[in-house]
Amino acid sequence: MTDDKKILVIDDDVHMRELLKLEFSDLGYKVTTAENAFKGLQCLKDEIADLVILDIKMPGMNGIEALEKIVSIKRELPVIIHSAYSHFRENYLTWSAVAYVIKSGNLEELIQTVNSHLS
Amino acid sequence: MLLQNKKILTFILAGGKGSRLYPLTRDRSKPAVFFAARFRIIDFVLSSCINSDLRQVYLLTQTKSLSLHQHLRRSWNFLPNDLSEFIAPVPAQQRISEEWYSGTADAIYQNLHLLEDHRPEHVFILSGDHIYNMDFNELYHQHIERGADLTMSVLSIKKDDAASFGVLTMDDELNINSFIEKPQDPSLIPGETDECSINMGIYLFKTDSLVRMLARDARQMTAHDFGKDIIPAMIGEYRVNGFSFKHSRFGHYWRDVGTIRSYYNANMDFLSQLGDRVVCTSEWPIKTLGAPSPVSYFGGSKGVSLTNSTVDLGSHLYNCRIHNSLIGRGVTVGNDTLIEDSIIMTNSSIGRNCIIRNAIFDKDVIVPDNVQIGCDPKKDQEQFFVSDGIVVIPKDYLF
């Protein structure tokens, strides 16, 4: 059952936010979106999330800095990095994410990863 | 082989509060406490780093760090930064959140950006709290030869003394197969009747393995401590090896100085070992503040009696007797005073006709004439801070 699970999507790309909201809502998740890391962190303070999908390259605070802050305030909250760039996977500061999924036209890997952490 | 060429980064955990060393830690962290009335505790691990050619060293500091920072700036600021060599203090910055370091592992985790900046292949993590010499090349070579994810230095001690340490067991291949922090019933070394192996707080990690463990630990509700969390979690999953300190180059001397009694005993041990010239040797120098002081002066018509003792530079002693004691830099001792079994630190002044026994004087203590310390336990208790029979006079004490 996914009805009571909440996902927070932090991504500066409006199309990606809408796509993920549509896709994961269809799967029964409750989806909140934030257009930058500051608003994403505020969302985490204001409401409960069960999982975060986090972009890396965003204006202002990037996803790597946001990940550090998320882990410091909600240690056990799983964060999945969802980036178009593979090389950040080598950056030690991304290793506290539970998964690193490369953005592509096919959301299957991301859906499977989310499901595996929220099942 | 020079370790400095091997892509190694070193962290020294130098934020120890040293609560049980009060009042010596009233104004400074434990690594900044004087030792042997000449050095600071931190000088030993830093000297071993430099003597071993570890020249990219970060010291992670936290509480009461001003004294340590001053000492580092005055004494250890000599490496060429433009050749990427440094000994650099890193104060707790609350860079990620508003939390201080919550444990030893958290201290490294909060500075992961330094690992990302340097991208070393291996990371030494050392404690700034202990008195020892070590050639880290030996540990490094074993670590590489065995392909270990973690190699930690191991010391054998009596079972009765082991319960306050991390106690481990190893197989014949040096693989650590159990590790318990501060166990009630410490496990014995196989084949021994009264000896246990303990963790010395000296670690060499493969960087990828370290970061994986820190990242995992950061997302769990733990103490974020190497001894309590990281090492036990690695056993069975990673290659965790022990390195026998006893069989290493300087394996005869390691002291924990966690309490006033152990601190005092370590100082006195050091004094007795000085005579054997095995702790301080020209081939493994221990560096400290090189203040431009004149040589010491021993004056007065009756002369100075000095037995089994050391006197640092710039001291003035007149017609006095000093036995089994360590006298620091710039100390003055007046006529007819007796000092026995004591440690007198920098810039203290002791008047005439005093008797000082079994005492530790912090720096900048001025003692008037005719004072007796360590002669009457009841009077000592009424006037001074006494721990386990040792009188401790704090810095700037007013008589």
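Which strands of chain A does helix α3 (residues 63-73) lie across? The legends below take up this question and then turn to other parts of the structure.

The structure is a predicted model, in which local features need pLDDT of at least 70, side-chain atom pairs count only at pLDDT 80 or more, and totals for chains, interfaces and linings use all residues. Residues are numbered from 1 along each chain as its sequence is written, while chains are lettered from A and ligands numbered from 1 in the order in which they are written.

**View 1. Helices α3 and α4 of chain A on the sheet.** Helix α3 (residues 63-73) lies across β1, β3 (51-54) and β4 (79-83) of chain A, and runs at about 165° to β3(A). Helix α4 (residues 108-118) of chain A also packs on the sheet, where it touches β1, β3, β4 and β5 of chain A. The direction of α4(A) makes about 160° with that of β5(A). Axes are lines fitted to C-alpha atoms, for helices over the stretch in contact, and angles run from 0 to 180 degrees between N-to-C directions. Residues are in contact if their C-beta atoms, placed from the backbone, lie within 7 Å.

**View 2. The open sheet of chain A.** Five strands stand in the order β2-β1-β3-β4-β5 (chain A), with parallel pairing. Because β2 (30-34) and β5 (99-102) of chain A are at the edges, each with a single partner strand, one side of each is left without a neighbour in the sheet. On average, neighbouring strands of this sheet are turned by 20° against each other, direction ignored. Two strands pair if DSSP finds at least two bridges between them.

**View 3. Strands β1 and β2 of chain A.** Strand β1 (residues 6-10) of chain A runs parallel to β2(A), and five bridges join the two. A:Lys6 has A:Lys30 in β2(A) as its bridge partner.

**View 4. The order of elements in chain A.** Chain A has four helices and five strands, which follow the pattern β-α-β-α-β-α-β-β-α along the sequence. Helices (H or I, at least four residues) and strands (E, at least two) are DSSP runs, numbered from the N terminus.

**View 5. The contact between chains A and B.** Chain B gives 14 residues to the contact and chain A gives twelve residues. On the side of chain B that touches chain A, α4 (112-118) and α7 (207-218) of chain B each supply at least two residues.

Key:
Contact = placed C-beta atoms within 7 Å.
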